[in-house]
Amino acid sequence: MYILARSLKEATEFLFAASERVIILAGGTDLMVFNRDLIAQAEPRKNPILDISRVAEMRNIRLENHQLAIGSVVTYRDVLLSRPVQRYGLALVEASQRTGSTQIRNVGTLGGNVVNASPAGDALTALIALNGEVEIVYGQEYYRQNIETFLKGPKKTGLPENHLVTRLLVPIYQGYVGSSFYKLVNRASSQHGLAISVVSAAAVVRLSKDKSHIERARLVLGAVAPTPVRARQSEEILQERPISRDLIKEAALAAVQVIAPIDDIRATATYRREVVPAIVENVLNHAIRKATRSS
Ligand SMILES: Cc1cc2nc3c(=O)[nH]c(=O)nc-3n(C[C@H](O)[C@H](O)[C@H](O)COP(=O)(O)OP(=O)(O)OC[C@H]3O[C@@H](n4cnc5c(N)ncnc54)[C@H](O)[C@@H]3O)c2cc1C
């Protein structure tokens, strides 16, 4: 059974009433690739598919209560065209620019990237750095969870069956704040514009009023552990010390301690460990530069 939801109410009522697991379909760019068997089960007997891609209420980006409220079926293309995200969530814009091809960016959604929970999810990595939350609904009950704790492992989240992610919420901070995202890909696959990250990093920094030091930093690494990971020790190193090349280098080297990379078709664990400091340095320098020019 295939159902095209026309409104959030229709989607939530259907999910609440369902007695079996409903397959929620947004852009389908992950679902179609990894769950072909599950989709096949939808016909003729079980696992209805609920298509939420046309729910207009879930496809807008708003500024409200000091946060960016991004509907879960907002696509990468929508992000690239959004002024509020450009202003307050540049790391997410940069991650969206580097995601897939034009076709993928036209239909792939942020909600899908978060729920898919890939260790190499680019928007996901940026959203954790931006301290994002997911808003979830079941029946009439809405609740929120920090994205970092929402993730449970590779392709695993804490989302209970038939609960729907409605929005992604990103807090907005005033002052000298900057963010950045960087992803390293294999040269061969990047030629096709469809490369999955070998290593990625996202950083958000808030500078002091005189811009001499970092008051707060968040640094997240992707594709180097079962989920994107916070480099907390690096964040601590960066805080409240004068910004210098040595400070950035020290924080970048410390980031290697949180990673647990594996060998896969894209790169070896050793290679990933070796490139992490350079990538972190790059992303931190970009975020600091942007913070210096912000406010
Ligand atoms: C060729 C190609 C290139 C790609 N390149 C990249 C890349 O560079 N970087 C990257 O990070 N990813 C990449 N991807 C992966 C994919 O495009 C993204 O993860 C995309 O954001 C998934 O969104 P979607 O809307 O297509 O999700 P879907 O496939 O529709 O759904 C993914 C999962 O999330 C669930 N889901 C979706 N929305 C909700 C919701 N609102 N509530 C509850 N559950 C929900 C679905 O049930 C499913 O389990 C690529 C994929 C392809 C095929």
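Tutor: A salt bridge is a side-chain nitrogen of Lys or Arg within 4 Å of a carboxyl oxygen of Asp or Glu, and the count between domain 1 and domain 2 is 5 salt bridges. The model is predicted, so local features need pLDDT of at least 70 and side-chain atom pairs count only at pLDDT 80 or more, while totals for chains, interfaces and linings use all residues. Residues are numbered from 1 along each chain as its sequence is written, and side-chain values use heavy atoms, with hydrogens and water left out.

Student: Why is the pair Glu 94 and Lys 290 called a salt bridge?

Tutor: The closest N and O atoms of Glu 94 and Lys 290 are 2.4 Å apart, and the limit is 4 Å, so the pair is a salt bridge.

Student: How do you know that domain 1 and domain 2 are in contact?

Tutor: Contact means heavy atoms within 4.5 Å, and 26 residues of domain 1 are in contact with 26 residues of domain 2.

Student: What makes about 1900 Å² the buried area here?

Tutor: Buried area is the accessible area (1.4 Å probe) that two parts lose on being put together, summed over both; domain 1 and domain 2 bury about 1900 Å² between them, 58% of it on carbon and sulfur atoms. In domain 1, Arg 98, Thr 125 and Ala 129 lose the most area to domain 2, together 28% of what that side buries.
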